[in-house]
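Good morning, colleagues. Please look at the sequence and the model on the screen, and I shall then take you through a few of its features.

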Amino acid sequence: MDIKENYFAVKKQLPENVQLVAVSKTHPVSEIQKVYDLGQKVFGENKVQELVEKYPLLPKDIQWHLIGHLQTNKVKYIASFVDTIQSVDSEKILLEINKEAAKHNRIINVLLQVKIAEEENKFGFEIAEAEILFQKYIDGKFPHIKITGLMGMATFTDNENQIRKEFTVLKTLFDQLSRSKPLQTLSMGMSDDFPVAIECGANSVRVGSAIFGKRDYSI
Ligand SMILES: *Cc1c(COP(=O)(O)O)cnc(C)c1O
C-alpha cells in the first residue's frame, strides 16, 4: 500500500463528523506534502524540535497539533503558530501556554490530556484534577487559552473490552464537563484502535502509521 491508498482507506472508515489528525512524527516533509496534496490539513507531531523544523518547509494553512508531552521551556518555540496543543497535562504547562499565547496576542486551543490507561507510563491528569482545572478555566484564569476538549490514550493491549472501558471513561468526563461549558473535541484513537474509539464517542482521531507506514521506533 502506498500513502495515498492508506490515506483514503483511513478516511473511508471515518464518519463525516470525525476529524483526522494525521500524525507525521518521524516522517519527512516530502511525505507530509503528499498527504497534504490529497486534501489533509491537520497534522500532529509529538516533539517540539521536529515540529519547529518542519513548520517553515510546509504550506502555511496546515493546522499543527502538538500531541506529545510538552516541557514549559519549549512552549515559546511553537506559541506563534501551533493550532492546538493536545497534550496539556499540568496546570503549570497551561499557565505557560497562556503566557506565551498572550505575547503573540493569540488564543491557543488546548485539549486536557487525561490518564485513562492502566499503564503507568502514560501522561495525563487524573479525572478529579481535570475537573478542578476546567473550573479554573471557566472562572477565567487562562484568558489566552481555549480548552476545546479532552485527549486520552488507551492501554496498549489486544483486550478490546479494556480499551472500550477506558475510552468510555473519557467520553463520560467529556459529557460531564460539557454541561458546565460546551466542549468540541474528544480526541481518542490511534491506528490500532480508532474504530473502537469512534464507537465510544471520539470525534477526533490521531492516526500515524496506518497512513505513513511504520516508524523506525515505537512511541
Ligand atoms: C504517535 C502517536 C499517535 C499515532 O500513533 P499510530 O499508532 O502511529 O497511529 C497518536 N497519538 C499520540 C499521542 C502519539 O504519540
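How far is an oxygen atom of the ligand from an N or O atom in the side chain of arginine 215? The distance is 2.7 Å, which falls within the 3.5 Å limit for a pair of N or O atoms to count as a polar contact. A polar side-chain atom of serine 191 is 2.5 Å from a ligand oxygen, and a backbone N or O atom of serine 209 is 2.8 Å from one. The protein buries 93% of the 390 Å² that the ligand exposes when taken alone (Shrake-Rupley areas, 1.4 Å probe).

A word on the source: this is a predicted model, in which local features need pLDDT of at least 70 and side-chain atom pairs pLDDT 80 or more, while totals for chains, interfaces and linings use all residues. Residues are numbered from 1 along each chain, and side-chain values use heavy atoms, without hydrogens or water.

Let us turn to helix 1, residues 3–12 (helices are DSSP runs of H or I with at least four residues). Its buried residues, meaning those under 20% relative accessible area, are Ile3, Asn6, Tyr7 and Val10. Seen down the helix axis, these residues fall within an arc of 100 degrees, so they line one face of helix 1 (the arc is taken from the directions from the axis to the C-beta atoms).

Finally, two loop residues. Threonine 26, between strand 1 and helix 2, has a positive phi of about 75 degrees although it is not a glycine. Asparagine 105, between helix 5 and strand 5, likewise is not a glycine, and its phi is positive at about 55 degrees.

Definitions and conventions. A polar contact is a pair of N or O atoms within 3.5 Å; within protein, one must be able to donate a hydrogen and the other to accept it, and residues adjacent in sequence count only if both atoms are side-chain atoms. Buried means under 20% relative accessible area, exposed over 50%, partly exposed in between (1.4 Å probe, protein chains only).
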